[in-house]
Amino acid sequence: MTRLMASPITQLVVVAASLLAAASMGGGFLAGVVLVPMLVVLGARAGRVAAAVDALLAAVLSAELGWAATYVTVGAQQPLIWLAPIVAALLTAAVLVRARVVRAPTAAPSPW
């Protein structure tokens with residue numbers, strides 16, 4: 001599983017799916033639930049550029065999910081309809097930054 005998640009092909013497929021979901025109408029609501037955690041995991045294991053791309057896409061998809069959740073629960077009430085997506089995007093970015101900081105490089109994988 002670790003090799004699959006660290007694969008550049010996996011990174012490319014998840015980024016392409018995230019771009020497609022973010023660009024489509026309603027795709028971010030449906031696929032974002034699966035893609036955001038995948039972007040967090042991949043962003044924690046990727047290099048700087050790939051981690052930045054993952055963070056940006058995860059924040060965009062989280063903002064879409066935050067907007068959808070707000071719209072379904074309370075409708076278009078101001079300021080919640082624009083405040084919830086901003087908070088969701090910032091929290092996702094904070095999780096990705098935290099995941100990058102906590103990840104310590106190891107010389108060899110541990111058998112435990």
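The points that follow concern the fold, the core and the aromatic rings.

1. The model under review is predicted. Its protein chain contains five helices and zero strands, and the order of elements from the N terminus is α-α-α-α-α.

2. Of the 112 residues in the protein chain, 34% are buried. The chain exposes about 7300 Å², of which carbon and sulfur atoms supply 76%. Among contacts between residues at least 6 apart in sequence, 67% join residues at least 24 apart.

3. The largest nonpolar core has twelve residues, including Val 14, Leu 35, Leu 39, Leu 57 and Leu 96. Helices α2 (8-23), α3 (27-45) and α4 (48-74) each supply at least two residues of this core, and α3 gives the most, with five residues. In soluble globular proteins, nonpolar side chains tend to be buried together.

4. Leu 39, a member of this core, deserves a separate remark. Not counting residues up to four places away in sequence, Leu 39 touches Val 14, Ser 18, Asp 54, Leu 57, Ala 58, Leu 61 and Leu 96.

5. Is Ser 18 buried or exposed? Ser 18 is placed in helix α2 and counts as buried because its relative accessibility is 0%, against a cut-off of under 20%. Leaving aside neighbours within four places in sequence, Ser 18 is in contact with Leu 35, Leu 39, Leu 57 and Leu 61.

6. Helix α4 has 27 residues, which at 1.5 Å a residue should span 39 Å; its end C-alpha atoms are 38 Å apart, in agreement with that expectation. The buried residues of α4 include Asp 54, Ser 62, Glu 64 and Thr 70, together with Leu 57 and Leu 61. Gly 75 follows α4 and has a positive phi, near 80°.

7. The structure holds two aromatic pairs. In one of them, Phe 29 and Trp 67 are stacked, at 5.8 Å centre to centre and with 20° between the planes. Because Phe 29 lies in helix α3 and Trp 67 in helix α4, this pair ties together parts that are 38 residues apart in sequence. Both residues are partly exposed: the relative accessible area is 31% for Phe 29 and 33% for Trp 67.

8. The rings of Trp 67 and Tyr 71 also form a stacked pair, because their planes are at 10° and their centres 5.1 Å apart. These two residues are four residues apart in helix α4 and therefore separated by about one helical turn. Tyr 71 counts as partly exposed, at 45% relative accessibility.

Methods. Residues are numbered from 1 along each chain as its sequence is written. This is a predicted model: local features need pLDDT of at least 70, side-chain atom pairs count only at pLDDT 80 or more; totals for chains, interfaces and linings use all residues. Side-chain values use heavy atoms; hydrogens and water are left out. A nonpolar core is a set of buried Ala, Val, Leu, Ile, Met, Phe, Trp, Tyr and Cys residues joined through side-chain atoms within 4.5 Å. Buried means under 20% relative accessible area, exposed over 50%, partly exposed in between (1.4 Å probe, protein chains only). Contact means heavy atoms within 4.5 Å. Accessible areas come from the Shrake-Rupley method with a 1.4 Å probe; for residues, only the protein chains shown count as cover. The expected span of a helix is 1.5 Å times one less than its number of residues. Rings of Phe, Tyr and Trp (its six-membered ring) pair if their centres lie within 6.5 Å; planes under 30 degrees apart count as stacked, over 60 as edge-to-face and the rest as tilted.
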